[in-house]
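Open the structure in your viewer and keep the selection tool at hand. The stops below go one at a time, each with something to select.

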Amino acid sequence: MSDSQRQNYSHKEKQEVFDQEFMPHINAMYNFAFRLTFDEDDAKDLVQDTYLKAYRFINSFEKGTNAKAWLFRIMKNSFINDFRKKSKEPAKVDYQEVETFYNSDDVDKAITSDLRVEAVQDMMGDEISNALNSLDVDFRTVIILCDLEGFKYDEMAKILDIPIGTVRSRLHRARNLLKEKLRDYANKMGFKN
């Protein structure tokens, strides 16, 4: 973006843009973050990081354009950058947590994986959520953006920084993968092909 395209908001205007254009999308941003990270705390951190960056670079945002798409793009880039950074780091173990566990009375009990997973284990729609979460992040992202968040192909192309043709083909492949993963469930629910 050239300097001529940058906005020169006053402090008051920045606050108005932030409150009126960005804040209404915070729930959608959290949902997207949770679908990317599968962790409540990581999702909150990702949303916070996204909004900090949005405020920091608010002069790059043109008032009246698609704020939601702009925020999703920031979040997607933050997630990918963090993912790449973490994938290059060796796995970390919190020794304090391990020590506490082995010194506790719970050491002989079976380890519960995730209470949230157990709470929704038997709920209808869990199969869909699990199937979606099992997709590669690129495929999961296009389905979330298109089918859950309602973005158009051109908006998705801008958010993901890929050509529209790639968006279409990736979405087609993602839907086919999801369809394949849900085939048995659909048959069990009475849906035929």
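Select lysine 68 and phenylalanine 151. Lysine 68 lies over the face of phenylalanine 151, 5.3 Å from the ring centre. A charge counts as sitting over a ring if NZ of Lys or CZ of Arg is within 6 Å of the ring centre and within 35 degrees of the ring normal.

Before the next stop, some ground rules. This is a predicted model, in which local features need pLDDT of at least 70 and side-chain atom pairs count only at pLDDT 80 or more, while totals for chains, interfaces and linings use all residues. Residues are numbered from 1 along each chain as its sequence is written, and side-chain values use heavy atoms, with hydrogens and water left out.

Now show the whole protein as a cartoon. The protein has eleven helices and zero strands; helices (H or I, at least four residues) and strands (E, at least two) are DSSP runs, numbered from the N terminus. Of its 193 residues, 29% count as buried. Buried means under 20% relative accessible area, exposed over 50%, and partly exposed in between, with a 1.4 Å probe and protein chains only. Among contacts with a separation of 6 or more, 68% are between residues 24 or more positions apart, where contact means heavy atoms within 4.5 Å. The protein exposes about 13,300 Å², and carbon and sulfur atoms supply 50% of it; accessible areas come from the Shrake-Rupley method with a 1.4 Å probe, and for residues only the protein chains shown count as cover.

Next, select helix 1, residues 11-22. Helix 1 has twelve residues and reaches 16 Å from its first C-alpha to its last, close to the 16 Å expected at 1.5 Å a residue. The expected span is 1.5 Å times one less than the number of residues. Which residues of helix 1 are buried? They are Val17, Phe18, Glu21 and Phe22. These four cover an arc of only 105 degrees around the axis, so they are on the same side of helix 1; the arc is that of the directions from the helix axis to the C-beta atoms. Lys12 and Gln20, on the other side of helix 1, are exposed.

Stay with the rings. Rings of Phe, Tyr and Trp (its six-membered ring) pair if their centres lie within 6.5 Å; planes under 30 degrees apart count as stacked, over 60 as edge-to-face and the rest as tilted. The count comes to nine aromatic pairs. One of them is phenylalanine 18 with phenylalanine 22, edge-to-face at 5.8 Å centre to centre with 80 degrees between the planes. Because these two residues are four apart in helix 1, about one helical turn separates them.

To see the cluster linked by ring pairs, select Phe18, Phe22, Tyr51, Tyr55, Phe61 and Trp70.

Move to the loops. Phenylalanine 38 lies between helix 2 (26-37) and helix 3 (40-56). Its phi is near 60 degrees, a positive value in a residue other than glycine. Aspartate 161, in the loop between helix 9 (153-160) and helix 10 (164-181), likewise has phi near 60 degrees. Phenylalanine 38 is partly exposed at 34% relative accessible area, whereas aspartate 161 is exposed at 56%.

Finish at arginine 6, in the segment before helix 1.
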